[in-house]
Amino acid sequence: MSRKALVGNVTAMLADADFLVSDRCAVRPKSFDVAARRGEDLLLVKVLGNVDAFDRATGAEMRRLGEYLSATPILVGMRTRDEDIKPGVVYFRHGVPAIHPDTLYDLLIEEVPPLIYAAPGGLYVNIDGDTVADERRERGWSLGRLAEELGVSRRTVAKYEDGMNASVEVAVELEDLFDRPFSDPVRVMEGAEEVREADPTPEPPEVDPDDEHVYGVLSRAGFAVHPTQRAPFTAVGEDEAEPRVEFTLLTGHSPFTRTAQKRAKLMGSLGRVTGTRAVYFTEGDDEPKEETVDGTAIVTMVELSRADDPERIRELIRERSDEPAEA
């Protein structure tokens, strides 16, 4: 299956699961393909035939965006290295959960979360250690007795009961011994953080010198500005002056070319899905040729330089951009 067809299938699946899905990110750079929201669940989805094509820089960008936008980055693919991705198993690439389309279908349509995740050494499951301990004591078994039944050490059993995850083989043996499940689902919609081994959120990239003036003005207007590197927008601005209204911005900056127009349209779509406002700052004109492009505010750098009052900048963005949708 071609990547284009795979993206189309994943997008249709999200829509069937009652997600509001953004336009596809067809302009470069693009660290993700679509954003999708259902209620409070916001996903940033990257689709690749082979997930090994997902590089470290893109993983870092998606994880940062997940932090800024309260979203879950997720990678959907068919293959890894020389084998197919197994349905029902959560893999990881640079800290981002990676799953097969069938796993996504089960999760979103059937509402059946995966139980297994891949880590160095094999496949593992989350074990409910308290339930294991309760069952063992109810049978009057010692740690040593259960260890003998499982073919592991007494210390390993103690670790299972303290919350250490187990191999699939051990989980199956436990369930056969006690005739009940002990596995907890992998919470993919929360980033699978309970089983993900990754560093803290990566540091943001350096500010592009061409964007320094824009970011400086936004900072004075009360926004914490987070530059991006591979997103279809140049920065995310978090409102520090009015945090109660959650005035989060997706920003762009360039001359108002045809490409800029396409990017602004895409940003408007992403803004509606992510619950943010979008604003594109343009060079070369005193007044904008269009004040709004598909819900994205268009503000010229001349207008920005005239706006000595930070509140005027906010007013321009409010007047020309779509109101963020409620989750």
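Analyst: Here is a walk through some rings, strands and cores. Keep in mind that this is a predicted model.

User: Let's start with rings. How many aromatic pairs are there?
Analyst: The structure has four aromatic pairs. One of them joins Trp141 and Phe178. That pair is tilted, with 5.6 Å centre to centre and 45° between the planes.

User: Where do Trp141 and Phe178 sit?
Analyst: Trp141 is in the loop between α4 (129–138) and α5 (143–150). Phe178 is in helix α7 (residues 168–178).

User: Is Trp141 buried or exposed?
Analyst: Trp141 counts as buried because its relative accessibility is 11%, and the cut-off for buried is under 20%.

User: And Phe178, buried or exposed?
Analyst: Phe178 is at 6% relative accessibility, so it counts as buried too. Phe178 also pairs with Phe182. That pair is edge-to-face: 5.6 Å centre to centre, 75° between the planes. Phe182 is buried as well.

User: Which residues do the ring pairs link into a cluster?
Analyst: Trp141, Phe178 and Phe182.

User: Which charged end sits over the ring of Trp141?
Analyst: That of Arg139, 5.4 Å from the ring centre. Phe182 has a charge over its ring as well: the charged end of Arg180 sits there, 5.3 Å from the centre.

User: New topic, strands. How do β8 and β9 run?
Analyst: Strand β8 (residues 116–119) and strand β9 (residues 122–127) run antiparallel, joined by four bridges. Ala119 stands opposite Gly122 in β9.

User: What lies between β8 and β9?
Analyst: Two residues, and the two strands form a hairpin. Gly121 is in the turn, with a positive phi of about 105°.

User: What else does β9 pair with?
Analyst: β9 pairs with strand β10 (residues 166–167), antiparallel, over two bridges. There, Val125 stands opposite Ala166. β9 also pairs with strand β11 (residues 183–184), again antiparallel and over two bridges. Asn126 has Asp184 as its bridge partner in β11.

User: Which residues is Leu48 in contact with, leaving aside neighbours within four places in sequence?
Analyst: Leu48 is in contact with Arg3, Leu6, Ala53, Phe54, Leu75, Val76, Gly77 and Met78.

User: What separates the C-alpha atoms of Leu48 and Ala98?
Analyst: 9.9 Å, and the two residues are 50 residues apart along the chain.

User: Now the inside. How many residues are in the largest nonpolar core?
Analyst: That core has 36 residues. Phe32, Leu65, Phe233, Leu250 and Leu270 have the most contacts inside it.

User: Which elements supply at least two residues of this core?
Analyst: β3, α2 (56–69), β6 (89–93), β7 (96–99), α9 (258–274) and β15 (277–283) each do. α9 gives the most, with six residues.

User: What is Phe32 in contact with, leaving aside neighbours within four places in sequence?
Analyst: The residues include Leu65, Phe233 and Leu270. Cys25, Leu44, Val45, Lys46, Met62 and Pro232 are also in contact with Phe32.

User: Last topic, the six-strand sheet. What is its order?
Analyst: The order is β12-β13-β14-β15-β17-β16. The sheet is open, with mixed pairing.

User: Which are the edge strands?
Analyst: β12 (223–227) and β16 (292–293), since each pairs on one side only. β12 runs antiparallel to strand β13 (residues 235–239), and five bridges join them. Pro227 has Ala235 in β13 as its bridge partner.

User: What does α2 touch on the sheet?
Analyst: α2 packs on the sheet and touches β12, β13 and β14 (249–255). The direction of α2 makes about 25° with that of β13. Helix α8 (residues 212–220) packs on the sheet too, touching β12, β13, β14 and β15. The direction of α8 makes about 150° with that of β12.

Methods:
Residues are numbered from 1 along each chain as its sequence is written. This is a predicted model: local features need pLDDT of at least 70, side-chain atom pairs count only at pLDDT 80 or more; totals for chains, interfaces and linings use all residues. Side-chain values use heavy atoms; hydrogens and water are left out. Rings of Phe, Tyr and Trp (its six-membered ring) pair if their centres lie within 6.5 Å; planes under 30 degrees apart count as stacked, over 60 as edge-to-face and the rest as tilted. Buried means under 20% relative accessible area, exposed over 50%, partly exposed in between (1.4 Å probe, protein chains only). A charge sits over a ring if NZ of Lys or CZ of Arg is within 6 Å of the ring centre and within 35 degrees of the ring normal. Two strands pair if DSSP finds at least two bridges between them. Contact means heavy atoms within 4.5 Å. A nonpolar core is a set of buried Ala, Val, Leu, Ile, Met, Phe, Trp, Tyr and Cys residues joined through side-chain atoms within 4.5 Å. Axes are lines fitted to C-alpha atoms, for helices over the stretch in contact, and angles run from 0 to 180 degrees between N-to-C directions.
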